[in-house]
Amino acid sequence: MGSLNPQESNINSSPTDMPSALDPVEFRRQGHMMVDFIADYYQNIEKYPVLSQVEPGYLRKCLPESAPANPEPIESILQDVQNHIVPGLTHWQSPSFFAYFASNVSIAGFLGELLCTGFNVVGFSWVSSPAVTELESIVMDWLGNLLTLPKSFLFSGNGGGVIHGSTCEAIICTMVAARDQMLRQIGLDNMQKLVVYGSDQTHSALQKACQIVGINPNNFRVIKTTKSTSFALSPECLKLAISSDVEAGLVPLFLCATVGTTATAAVDPLDSLCQVAKYYGIWVHVDAAYAGSACICPEFRHFIDGVEGANSFSLNAHKWLFTALDCCCVWVKDPSTFTSSLSTNPEFLRNKATDSKQVVDYKDWQIALSRRFRAMKLWLVLKSYGSVNLRNFLRSHVKMATLFEELVSMDRRFEVVVPRVFSLVCFRVSPSAAIIISDDEINVENRIDKVNRKLLEGINASGHAFMTHAVVGGMYVIRCAIGVTLTEEKHIAMAWKLVQEHADAILMKNNI
Ligand code: PLP
């Protein structure tokens, strides 16, 4: 409207001729088409190469230089999606996606997202949409109970839960809360003395949080782990690092312990770590982004034993709890630490409910003001599947990982690098199979890594599966992370056959 561009056919149309951008009849028609499109996508997903095969910049060559002036029908837009967007997707919901950690979804997770977007309400404070806040508090208690988190983390104790967009955000908010709590005791002038601890397996989210929160870069301690502890953080090493900092006049502030590290799914021993932290008055955040979901199964719950000693705990329901991106569930024992650091009370948001102090205003538990109705999708997931099915879905992934691990162990050319705990198998072509022609130690390791790198490249270039790698204890390892909703045992068998075929070619030719 109002444009002088002669190519615009609607140039003379008046506002009354304009189609409604939210006409319910048209919404129903296009919505049905979209659901059909997505259902067809899932039905055909195995036809696409799992890892996108496009070259950088491919999309600019396909699309016009500027946005259209005139409307285009949904039919032709969907055709564009099929022709130009789908080839540039790496198919995270493909049953042969074994890379990173899955970001799995389900019918309930998808439909919950649809409802969230359909209502499109903004629940920054209780009054801005009471159901958003109240449902979030309820589902966070429900999920906390499924995890048998100590009552002190739940609203029904004196704690509480909130849904953030990501673990990065969860760590930033908890670190800010810890920082301010500490600075209130020791004075703002001591900011540069605060020290943060993690291990060399902790997710880079911790480093990012330190950068944003203003931790002195010299005071970020990355404690080394070793294969002898399956790459878990040793409480003794933590204690040594802390006592040396205390001796140097620094102030230990924050420890991020991980249950299910990104490289190998290692589990830091929460109980002993929390005891060390308690002695020095350090805030402990437990990052269980991936593996936390599995802890709703009684047989895996012991991996978070000791969480009662932590201050905060988070998991990504969008990784392994069938809830579409984004849904990071965060619990804190003392919500006032969040609100003390994150509250703002501008006049335009003032209301009776807030003044009464009887309600939760989630804007004060997160970075942004605006917030989506994420609880809706978690609620749908919990209701649609019930804890019985959710536990069985998780168990089926672990069972498939056990199967993959067995297949690797049966082939003498391969080794499982660390014992599998959840649904991640870390493996590599073993040193003995990598046909060693050099007796120089460094070259031997290089050669093994080269064989494995080439193997992974071959697997991924085939388009039939997608796995990623990690480097732990100086070893290049291939990660097979199982967690996609559509994955079945036949896909595990196919993936292993693919690995073997590519290994045959590489090891036989010896052409590294
Ligand atoms: N922590 C762990 C253990 C992870 O594996 C990941 C991502 O895979 C993250 C944190 C980062 O999560 P987010 O992308 O939600 O910030």
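Let me start with the overall layout: taken over C-alpha atoms, the centres of domain 1 and domain 2 are separated by 36 Å. The protein chain is divided into domain 1, covering 25-88, and domain 2, covering 108-384, with bounds that come from an automatic or database domain assignment.

Please keep in mind that this is a predicted model, in which local features need pLDDT of at least 70 and side-chain atom pairs count only at pLDDT 80 or more, while totals for chains, interfaces and linings use all residues. Residues are numbered from 1 along each chain as its sequence is written, and side-chain values use heavy atoms, with hydrogens and water left out.

Now to the sheet. Four strands form an open sheet in the order 8-9-11-10, with antiparallel pairing; strands here are DSSP runs (E, at least two residues), helices are runs of H or I with at least four residues, both numbered from the N terminus, and two strands pair if DSSP finds at least two bridges between them. At the edges are strand 8 (414-416) and strand 10 (468-472), each of which pairs on one side only. Strand 9 (residues 424-429) pairs with strand 11 (residues 475-481) in the antiparallel sense over four bridges, and cysteine 426 stands opposite arginine 479 in strand 11. Helix 13 (residues 375-410) lies across strand 8, strand 9 and strand 11, and runs at about 15° to strand 9; axes are lines fitted to C-alpha atoms, for helices over the stretch in contact (heavy atoms within 4.5 Å), and angles run from 0 to 180 degrees between N-to-C directions.

Let me turn to the helix pairs. The axes of helix 8 (residues 235-247) and helix 9 (residues 270-280) come within 9 Å and cross at roughly 15°, which means that helix 8 is roughly parallel to helix 9 (angles under 35 degrees count as roughly parallel, over 145 as roughly antiparallel, 65 to 115 as roughly perpendicular and the rest as oblique). The contact of helix 8 with helix 9 includes Leu238 and Ile242 from helix 8, and Leu273 and Val276 from helix 9.

By contrast, the axes of helix 6 (residues 167-186) and helix 11 (residues 335-342) come within 8 Å and cross at roughly 85°, so helix 6 is roughly perpendicular to helix 11. Among the residues that meet there are Cys173, Asp180 and Arg184 in helix 6, and Phe338 and Leu342 in helix 11.
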